[in-house]
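Dear colleague,

Please find the structure below, handed over for your use.

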Amino acid sequence: MSAEIAERIAAITQTGAPAVQRRAMAKAITLLESTRADHRALADELLTALLPHTGKSLRLGISGVPGVGKSTFIETLGLYLIGKGLRVAVLAIDPSSTVSGGSILGDKTRMEQLSMRPEAYIRPSPSSGTLGGVAEKTREATLVCEAAGYDVVMVETVGVGQSEIAVHGMTDMFCLLQLPNAGDDLQAIKKGVMELADLVVINKADIDPNAATRAQSQITSSLRLLGMHGGHDHAAQGALWQPRVIQISALLGQGVEAFWEAVSSYQQMQTHNGCLAQRREKQSLAWMWERIDHGLKLAFRAHPAVRDMLPEVQRQVAAGQLAASTAARNLLQAQTGLATIHKAD
C-alpha cells in the first residue's frame, strides 16, 4: 500500500474528528467518481484497502416518485436515529439535466437540520445519465461511508417510476415511499418497483387519513398476491419475511418509530437466516459484471478501428443509407478486421 493511500485510509477510518473525517470521505468519493486514468488506478487501490473496514453498516435504499417526500422523510429518520446514538450517512442522487447536463445538488439545503449534525454525513451526487435512479459510483461511495464507521447508510434515489430499481441491487433493504392517492387496485399490483420492495411506506398520511388507509390495504393485498405467485424475491423465503406497509407523516414525525422497528426486525431476521449475506454476495457479483460491461463499452469506443469508422458510419445511419443494426454489427466486427463500410450508390 502506498503512503498516500495509507494516509487516506487512516483519515477515513478514524472517528475522533468528524470534520477531518468528512473531508477525507469527500475527497475519496470525488476520486472514485473521477474518469481520469491515473485517478482510476489510485481509486482501485483505495477501494481495495477500504474493503476490510466495510460490511458493518445497514444499507437502506429509499425510493419513490417525485414529490413523495423522500428528503423530508430521510431528515426526520436521520434525526431520530441520531437521537438513538447512531451515525447516519446519506447518499442523495440528484437528476442531471438532459439539456445542460447539470444538477442542482440541493439535498443538503432540503435536509438543513440533519446536515448540521456532526453525526451525519450527506453527499449529493448527480445521476449523470445513469439509469436506475442512482449514480454510477453509488456502490463505491457506500463502501467509503461504511469504512468511516457510519451505522446506517441511506441511498436516496432520484424521483423514479416503475422500472428504476437499481437501488435494490446495492442495499440490504429497499423501502418504497408512496402517496395516499397513488392509484387504484390495478396500479398497486403492477409489476416492477413494487414487487421488489421490502417495506412500503405511505407518506403524508396526515393529509388524507382515509386515503392512506385505503392505500395501505390495497398495497398489502397486492404484495401478498405477488408473493403467492412467486414473482417476488421474498417468495423463496416463505414466512421468514413478508413485505409490510406502514403509514407515516415525515413532516409531523409520526410513524418513524414504527418504521425503524420494522427495519430492525427485518435486519435481525435476515441476518439470522443468512439471507442478508447471500443478498450481498449476489450484489457484489452483479456489480463486478456491471463494471465489466461498462469497461468493455469504453474499450470498444477507444479502439482505433472503431474510432476511424465511427464518423462515416454515423453519417450513413443518420442519412438513412445504412441500417442501425448493420452499422452496430460492422462496428463490433471492426476490432477483428472483418467490418466493411457500406458504400452508397
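**Core and aromatic pairs**

Not counting residues up to four places away in sequence, V200 touches L176, Q178, M194, I219, L223, R244, V245 and I246, where contact means heavy atoms within 4.5 Å. This is a predicted model, in which local features need pLDDT of at least 70 and side-chain atom pairs count only at pLDDT 80 or more, while totals for chains, interfaces and linings use all residues. Residues are numbered from 1 along each chain as its sequence is written, and side-chain values use heavy atoms, with hydrogens and water left out.

V200 is also among the residues with the most contacts inside the largest nonpolar core, together with I12, M25 and V144; that core has 45 residues. A nonpolar core is a set of buried Ala, Val, Leu, Ile, Met, Phe, Trp, Tyr and Cys residues joined through side-chain atoms within 4.5 Å, and buried means under 20% relative accessible area (exposed is over 50%, partly exposed in between; 1.4 Å probe, protein chains only). A second, separate core of 33 residues includes I122, V152, W241 and F259.

W241 also forms an edge-to-face aromatic pair with Y266, at 5.0 Å centre to centre and 80° between the planes. Rings of Phe, Tyr and Trp (its six-membered ring) pair if their centres lie within 6.5 Å; planes under 30 degrees apart count as stacked, over 60 as edge-to-face and the rest as tilted. Both W241 and Y266 are buried.

Y150 counts as buried, at 1% relative accessibility.

Yours sincerely
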